[in-house]
Each structure stands twice: as C-alpha cells, then as structure tokens.
Amino acid sequence: MTASHPLLVDVTGRRVVVVGGGPVAARRARGLLADGADVHVVAPALCEELADLVAAGAAGWQPREYATGDLDGAWLVHTATGDRRTDDAVAADAEAARTWCVRADDATASTAWTPAVARAGDVTVAVTAGGDPRRSRAVRAAVQGLLDAGALPVRRHRAGPGRVSLVGGGPGDPGLITTRGRRALAEADVVVVDRLAPRALLEELEAGVEVVEAGKAPHAHTLTQDEINRLLVERAQAGQRVVRLKGGDPFVLGRGGEELQACREAGVEVEVVPGVTSAIAVPAAAGVPVTHRHVARQVTIVSAHDAATDWETLARLQGTLVLLMGVARIGDHMDRLRAHGLDPATPVAVVEDGTLPTQRTTLGTVADIAARAAEVGVRNPAVVVVGRVAALAEVLGGVPAAAATP
C-alpha cells in the first residue's frame with residue numbers, strides 16, 4: 001500500500017454514495033449513517049439489512065446498475081459491488097470528480113481507506129495495518145479493551161463541556177468496579193468520593209485530579225447531601241468532568257436518584273454507571289447466595305438505620321432479608337424481628353469488609369447473633385443476612401458455624 005495521510009472527516013449531512021447492495025455495502029452504509037452522513041445507495045437489488053435501512057427512510061436508493069453521474073455532489077464514495085469492472089468505473093469517476101473513493105475489493109486501488117475504529121466517549125482511535133483488515137481489527141480490539149478499562153490516558157486537557165458520572169464502585173475490591181466505571185475515573189477532573197467507595201482506585205488517578213471527600217458515617221457527614229448536589233452541579237457547569245464515586249450501586253441506598261435529579265434540574269449532562277451492590281456481592285463473597293433453589297426465592301434489602309423500618313412486615317416475609325448499615329443496632333433489630341414472630345433459630349450471617357482481604361464472617365441465629373457479634377467485635381462496614389441461606393456459609397464459604405473468621 002502507498003503512503004497515506006491519516007485524517008478524520010466530518011460527514012454530517014454530506015452526501016455519500018455507496019455503490020453495491022450486498023452485506024459489505026450494508027456495513028459501510030450503517031457506519032456512515034451512524035456518523036450522520038446523507039447516504040445514497042446505487043444497486044439493482046438490496047440485501048435485507050440495506051432494504052430495511054431504505055424502507056425506514058435512513059438511506060436513499062437508486063434501484064439500477066451504476067451509471068456515470070451517480071457521484072455528482074458526493075463528498076465520498078464507497079464501492080462494494082463485487083464486480084471488478086464496475087468498481088473500476090466508480091473509482092475512475094471518483095478520481096475525475098476529485099472525490100475520495102473507498103474500494104472494498106482492492107485496498108491498493110483505493111484513494112481512501114476505512115480504518116478499524118475504537119471509541120471511548122469523545123476519544124476516537126483509527127487503526128489501519130497495511131491493507132490487512134484482520135490485523136487492523138485485532139489491534140482495534142486491544143485498544144478498545146484498554147480504553148474501556150480506563151487503562152489509557154484519556155483525560156481531557158482542553159476546555160470543554162462539563163458532565164457528571166454517578167459511578168457505582170462495587171462492594172470494596174477495586175477489581176469489582178465495571179470497566180465503564182474505570183473509564184469514567186480515567187476521564188475525571190474531579191472525583192467526589194464516599195467513605196465506602198473502593199479507595200484503592202484513587203491511587204490510579206492521573207496527577208492533578210482533585211479528590212473531594214464526601215463520606216458519610218453514622219451521625220458524621222463530611223458534606224450534607226445538599227452540599228454534594230451543589231458541588232456536582234457547580235463543577236460540571238464550570239466545565240469539569242465530575243465523577244461521584246460510591247460504594248456498591250448508586251441507586252441502592254446510595255442517594256444516586258437525588259443527585260441525578262439535581263443534575264437534570266440544573267441542565268447538567270449526567271450519566272449513571274451502575275455498580276455491583278454490596279447487598280448481593282458481599283454475601284456471595286462469603287458463600288451465601290441470597291437466593292437458592294429450595295431455600296429462598298426472594299430477597300429483601302433494607303436500610304437498617306432507618307427509624308421508620310417496618311419490622312412487623314419484614315418478620316413475615318419469606319426468603320432472605322439483607323440489612324445494610326445495621327451492625328450498630330443488630331441486637332435491637334433481632335429483638336424486633338423475633339417479637340414479630342420470626343423464628344429465633346433462623347440463621348444469620350454478618351459479613352464485615354466484604355470482598356476485601358480483611359473480610360470476616362460471623363455466623364449465628366436471630367437469638368444469639370448479637371452476642372456473638374459483640375464477642376468478636378463486629379464493626380462496620382458489614383452486611384447482615386437473615387434467612388436459611390445464611391447457613392450455606394458453612395458449606396459454600398467454608399465458615400465454621402461458631403467462627404468469627406473465614
């Protein structure tokens with residue numbers, strides 16, 4: 001292949017002609033339409049995908065063989081007829097009209113080439129490999145994986161529009177954040193972090209990224225929720241990319257909905273990046289599936305520090321009960337459940353520091369878990385699992401019934 005000059009072009013609203021009606025032409029047309037081009041297809045017949053695009057009004061169609069003049073007004077042409085003579089004629093007319101031509105049949109005869117493209121937000125990486133499309137795709141896939149995982153330096157260094165990403169960091173282990181969450185962190189100018197978010201991720205931030213502590217402990221808030229909402233909005237309006245990094249999932253007892261609403265009301269661009277909730281993942285890490293065939297078919301997740309908790313209803317529910325933020329008053333909670341009819345022999349598991357190297361599981365029953373927790377000094381963060389599945393920690397998690405450590 002001859003030397004080429006890499007260039008990205010804006011095809012938005014510009015006429016692009018695709019000659020050919022088969023699957024290759026369909027792939028080219030689909031990509032062009034995604035980039036906003038005004039696509040016109042010339043072919044006597046269309047494959048199903050192209051026919052659907054034409055029927056939907058997404059692309060125009062000349063239902064005949066190619067003819068000189070079909071490229072009039074075109075900024076770019078793709079030819080993929082499968083017939084060498086036709087593709088030669090299209091390329092010759094494009095050359096005469098000084099229009100770039102991409103040939104599907106012969107890259108060496110093209111005047112333009114379609115690269116394999118990796119995208120992450122507003123970052124675009126185009127890959128060509130000497131006319132070897134398989135090699136291009138392999139390199140693109142590797143680059144895309146790194147972009148998705150936030151492993152490349154994608155943070156913006158020029159001014160641009162701000163935005164907020166509400167990111168669920170997972171239950172504690174930094175490896176359990178999603179790849180989309182990692183990419184958001186790699187793009188961030190400011191990270192507003194909760195106390196229970198995976199703190200090890202902060203060590204991976206690019207130099208110069210500001211970290212704002214917004215942690216909440218019982219009766220001790222670094223920032224109030226209203227202050228957090230204002231901070232997110234103000235920083236985004238100032239043109240910064242803001243990540244609100246939370247533990248677990250932002251919409252599971254994380255006030256993510258309030259923050260989303262504040263951003264939307266202020267006209268700030270905002271996205272939600274779901275996370276792995278500790279209510280499910282922490283029990284799993286201890287060998288406790290919150291649902292299990294023939295044992296539990298439903299799970300109820302409760303914020304156990306809420307004074308309005310309806311313990312009477314919870315005591316009657318079938319399945320598994322997961323209490324978040326409930327360690328400090330675990331004795332009171334068990335007493336209320338028992339007073340409302342829950343069997344005192346119901347198994348209970350308390351999992352501290354779930355998914356971290358310091359994870360510890362304490363097992364007992366509704367009748368004695370408070371005493372066992374006090375004996376070993378159980379502390380937050382911890383997840384309390386009430387129900388028959390808690391006993392599975394002995395079988396699936398290898399936790400002795402009276403043990404305090406895994």
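In the predicted model, aspartate 335 is placed in helix H10. The residue is partly exposed, its relative accessible area being 41%. Between the C-alpha atoms of aspartate 335 and alanine 367 the distance is 8.0 Å, although 32 residues separate the two in sequence.

Helix H10 comprises residues 330–339, and the loop that links strand S16 (320–324) to this helix contains methionine 325. With a relative accessible area of 39%, methionine 325 is likewise classed as partly exposed, because this category covers values between the limits of 20% for buried and 50% for exposed residues. Methionine 325 also contributes to a nonpolar surface patch of about 370 Å², together with Leu253, Ile280, Val299 and Ile301.

Elsewhere in the model, an open sheet is built from five strands with parallel pairing, arranged in the order S10-S9-S13-S8-S14. Its edges are formed by strand S10 (210–213) and strand S14 (270–273), each of which pairs on one side only. From one strand to the next, the twist averages 20 degrees.

Within this sheet, strand S9 (residues 190–193) and strand S13 (residues 241–246) run parallel and are joined by four bridges. Valine 192 is found opposite arginine 244 of S13.

Terms used:
Residues numbered from 1 in each chain as written. Predicted model: local features only at pLDDT ≥ 70, side-chain atom pairs only at ≥ 80, totals over all residues. Heavy atoms only, no water. Patch = residues over 30% accessible without salt bridge, like charges linked within 9 Å, V, L, I, M, F, W, Y side chains within 5 Å. Areas by Shrake-Rupley, 256 points an atom, 1.4 Å probe, with all protein chains shown as cover. Salt bridge = Lys/Arg side-chain N within 4 Å of Asp/Glu carboxyl O. Helix = DSSP H or I, 4+ residues; strand = E, 2+ residues; numbered from the N terminus. Buried < 20%, exposed > 50% of the residue type's maximum accessible area, 1.4 Å probe, protein only. Pairing = 2+ DSSP bridges. Axes fitted to C-alpha atoms, helices over the stretch in contact; angles between N-to-C directions.
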